[in-house]
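Let us walk through this structure step by step, with the sequence and the 3D view side by side.

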Amino acid sequence: MSLAIKNDHNIITATIKGRIDTLTANDLEKEILSLLNDSCEQLILDISAVDYVSSAGLRLFILAYKKADLLSINLLIKGVQDSVFEIFSISGLVSLFNFT
């Protein structure tokens with residue numbers, strides 16, 4: 001799993017590649033949650049190169065959603081593959097997120 005961060009006038013894009021599973025979710029969670037702060041207006045999670053999300057990965061997205069909501073930050077999930085979207089759907093989480 002790899003993470004690349006781009007900040008363009010307080011709109012942050014986090015591009016994630018690889019699997020988000022038990023081995024990678026904790027480190028990724030720390031990185032993503034640290035991006036959600038007072039100087040962030042919008043966080044775009046580009047997961048177009050993510051082919052698998054485990055329950056630990058879903059936890060990361062839920063925590064990011066809660067923190068973004070608390071700070072009134074717009075959170076978008078971009079480029080979700082069909083197989084990953086199905087994981088969100090089966091888990092009943094689709095309605096929480098803005099997918100683009």
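Asp82 has its place in helix H3, where helices (H or I, at least four residues) and strands (E, at least two) are DSSP runs numbered from the N terminus. This is a predicted model, in which local features need pLDDT of at least 70 and side-chain atom pairs count only at pLDDT 80 or more, while totals for chains, interfaces and linings use all residues. Residues are numbered from 1 along each chain as its sequence is written, and side-chain values use heavy atoms, with hydrogens and water left out.

Asp82 counts as exposed because its relative accessibility is 70%; buried means under 20% relative accessible area, exposed over 50%, and partly exposed in between, with a 1.4 Å probe and protein chains only. The C-alpha atom of Asp82 is separated by 9.0 Å from that of Asp51, although the two residues are 31 apart along the chain.

The structure also holds 7 aromatic pairs, for which rings of Phe, Tyr and Trp (its six-membered ring) must have centres within 6.5 Å, with planes under 30 degrees apart counted as stacked, over 60 as edge-to-face and the rest as tilted. The rings of Phe85 and Phe99 are edge-to-face, because their centres are 5.2 Å apart and their planes stand at 75°. Since Phe85 lies in helix H3 and Phe99 in strand S5 (residues 98–99), this pair ties together parts that are 14 residues apart in sequence. Phe99, at 24% relative accessibility, counts as partly exposed.

The rings of Phe88 and Phe99 also form an edge-to-face pair, with centres 5.5 Å apart and planes at 80°, whereas Phe88 itself, at 0% relative accessibility, counts as buried.
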